[in-house]
Amino acid sequence: MLLKAEKLEFGYKEPLCRPLDFSLASGEVVALIGANGCGKSSLLKTLGGLVPPLGGKVWASSVSLVRMGLTPPETMTVEEFVSLGRSPYSNFLDGRTHEDLLIIHEALAMMDLVGMARKKVVHLSDGERSRVFLAEAIAQQAQVLLLDEPNAFLDIPRSHFLFRTLRKLAEERGLGILVSTHSLEYAERYAHKILSFTGLGNVECALANEARQKGLFDWTEI
Amino acid sequence: MRLRIGLLCLSFLLLLLIVFSLLWGPTGFGWSSVFGSASSPVAQHIFYHIRLPKTVAAVLSGAALSVSGLALQTLFRNPLCGPFVLGISSGASLGVALSLLAGLTFGCFGVLSSAAIGALVVTIFVMYVSSKFERASVLLIVGLLTGYFVDGFVSLLIASSSAESLKVYVSWGMGSFGRLTFEQMGIFSVAVAVGLLLIAVSIRYLNAAGLGDEFAKNLGINVGLYKRMVILGASILAAAATSFCGPVAFVGIAVPHLAYALTQSSNYRVLLPATLLCGSSLCLLAGLFTTLPLNALLSIVGVPMILWVLIRSSRNWRL
């Protein structure tokens, strides 16, 4: 088990749902769905350790929260951005070892970014940028990736590519991935499990191919 | 590799300027009259008490102001930031105004210690007030407002002072590297070294800071600690430079941009030393013209020069 939450209560001051039990295994992609403002982002931030839980406990191996909407400084190149992924392993002077450089190059190659390593991140399209953010997370070598609506700004083919990549990362590298999204189509097609905020503070989890029958999508039709 | 050679070139340029600044002056004499067998007391006095302190002042305050500006621009993610947004120069001005215009004296170094105490008091106040808020931008607002508040008192002092003391005050405001004495070099060096050290150990944070606090936290960086260290370091640097050399605002705002234009790197392992070397070199260059007021020289010659470099490099850098 890469990540485990027990009786977890999260939110700001008031818990956003009933105490939640959840676990993420190696090689598993879990889609997180729910209405706007129901607490998807809060849950991800709490699991990522950026916000302390209001109750319960979270055990996690190395976790990285990947945010696609960030705007890097105008002067930052793709390579420099991906290199930030190695800073958890560096000292305060932020040097990079030979091994670090290999890992950075491997992450760039995996996301097909080698050709644009010297380009400024702000000059890239949304699709290319999402690959840069993923490459940074890969360079971190975190066991668990948490993604907050990664396909919010992507067109249909690029969304498919993104989710295919997530699935590949989980299956080939044994990562655990929790990804929030508003597209049920991608959730059903690419995730192993679906975690759904079904309303009134309930959170339910089911296998992706059973989620629809079990009523996890009922909240989507008013 | 290319960047290493660039940094080496900058270091060499700085070294050349240091030697030139030590040798060049209205009175001509060679190395032998200072160190050698044919040493003359006049040459030694000029060397140790005029040229050496002046060179040290230019190198250290150039480094201090430019690194302080770079750190604050990164921290606030605002390219217009400089060392003086924190109200430091206003504090120093008030200290100097109180000592020159109102006749109050603080400490043993006269005007200089008044400037240092003024700068420190205002900086501590600004940092204390803004520590009550979470957003970093509050510090900018508090700094600017405090600056205006303090400037008000300076204006009052100016309005009620004699023409003679006013002239001394105005000449302090124009900035000069010639005010540092041989005895003060030690304390100035220590202050600058402490400030630079505080910022140098925060390179890992500075590299990630451009993407926001949450991103840095996600990388396991203790954001709160490093932010305080950077602000403290930047304040010490700006306060030291302002106290000893006057309010030289331009260096802190412009040099980081110049360093970026030259290196095209946003990695602070490169950008920080490049900024330091550019700042020192620029100040040494300006300090060679002893008869002209420093602020006027830096603005009239420095601004077109830096604008030219920025425009030249804008082909691969959209401002």
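How many aromatic pairs are there over all chains? The count comes to eleven, where rings of Phe, Tyr and Trp (its six-membered ring) pair if their centres lie within 6.5 Å, and planes under 30 degrees apart count as stacked, over 60 as edge-to-face and the rest as tilted. One of them is Tyr48(B) with Phe182(B): the ring centres are 6.3 Å apart and the planes sit at 80 degrees, so this pair is edge-to-face. Tyr48(B) belongs to helix H2 (residues 41-75) of chain B, while Phe182(B) is in the loop between helix H6 (163-173) and helix H7 (185-200) of chain B, 134 residues apart. Helices (H or I, at least four residues) and strands (E, at least two) are DSSP runs, numbered from the N terminus. Tyr48(B) is partly exposed at 29% relative accessibility, and Phe182(B) is partly exposed at 33%; buried means under 20% relative accessible area, exposed over 50%, and partly exposed in between (1.4 Å probe, protein chains only).

Phe188(B) and Phe244(B) give a tilted pair, because their centres are 4.8 Å apart and their planes are at 50 degrees. With Phe188(B) in helix H7 of chain B and Phe244(B) in helix H10 (residues 223-245) of chain B, the pair ties together parts 56 residues apart in sequence. Both Phe188(B) and Phe244(B) are buried. Phe81(A), Phe133(A) and Phe215(B) make up one aromatic cluster.

A word on the model itself. The structure is predicted, so to speak of local features takes pLDDT of at least 70 and side-chain atom pairs count only at pLDDT 80 or more, whereas totals for chains, interfaces and linings use all residues. Residues are numbered from 1 along each chain as its sequence is written, chains are lettered from A and ligands numbered from 1 in the order in which they are written, and side-chain values use heavy atoms, with hydrogens and water left out. The model scores ipTM 0.83 and pTM 0.86. Chain B has a mean pLDDT (the predictor's confidence in each residue, from 0 to 100) of 84, with 92% of its residues at 70 or more.

Salt bridges come next. Arg173(A) and Glu106(A) meet at 3.0 Å, N to O. Arg173(A) lies in helix H5 of chain A and Glu106(A) in helix H3 of chain A, so parts 67 residues apart in sequence are tied together. Arg173(A) is partly exposed at 34%, and Glu106(A) is partly exposed at 41%. In chain B, Lys227(B) bridges to Asp213(B), with the closest N and O atoms 2.8 Å apart. Lys227(B) counts as buried at 16% relative accessibility, whereas Asp213(B) is partly exposed at 32%. Lys45(A), Arg67(A) and Glu214(B) are joined into one network by salt bridges that share partners.

Then there is strand E7 (residues 176-180) of chain A, with five of its five residues buried. Gly176(A), Leu178(A) and Ser180(A) point one way from E7(A), and Ile177(A) and Val179(A) the other way. E7(A) pairs in the parallel sense with strand E3 (residues 29-33) of chain A over four bridges, pairing needing at least two DSSP bridges between the strands. Val29(A) stands opposite Ile177(A). Strand E6 (residues 144-148) of chain A also runs parallel to E7(A), joined by five bridges, and Asp148(A) has Ser180(A) as its bridge partner.

Key:
A salt bridge is a side-chain nitrogen of Lys or Arg within 4 Å of a carboxyl oxygen of Asp or Glu.
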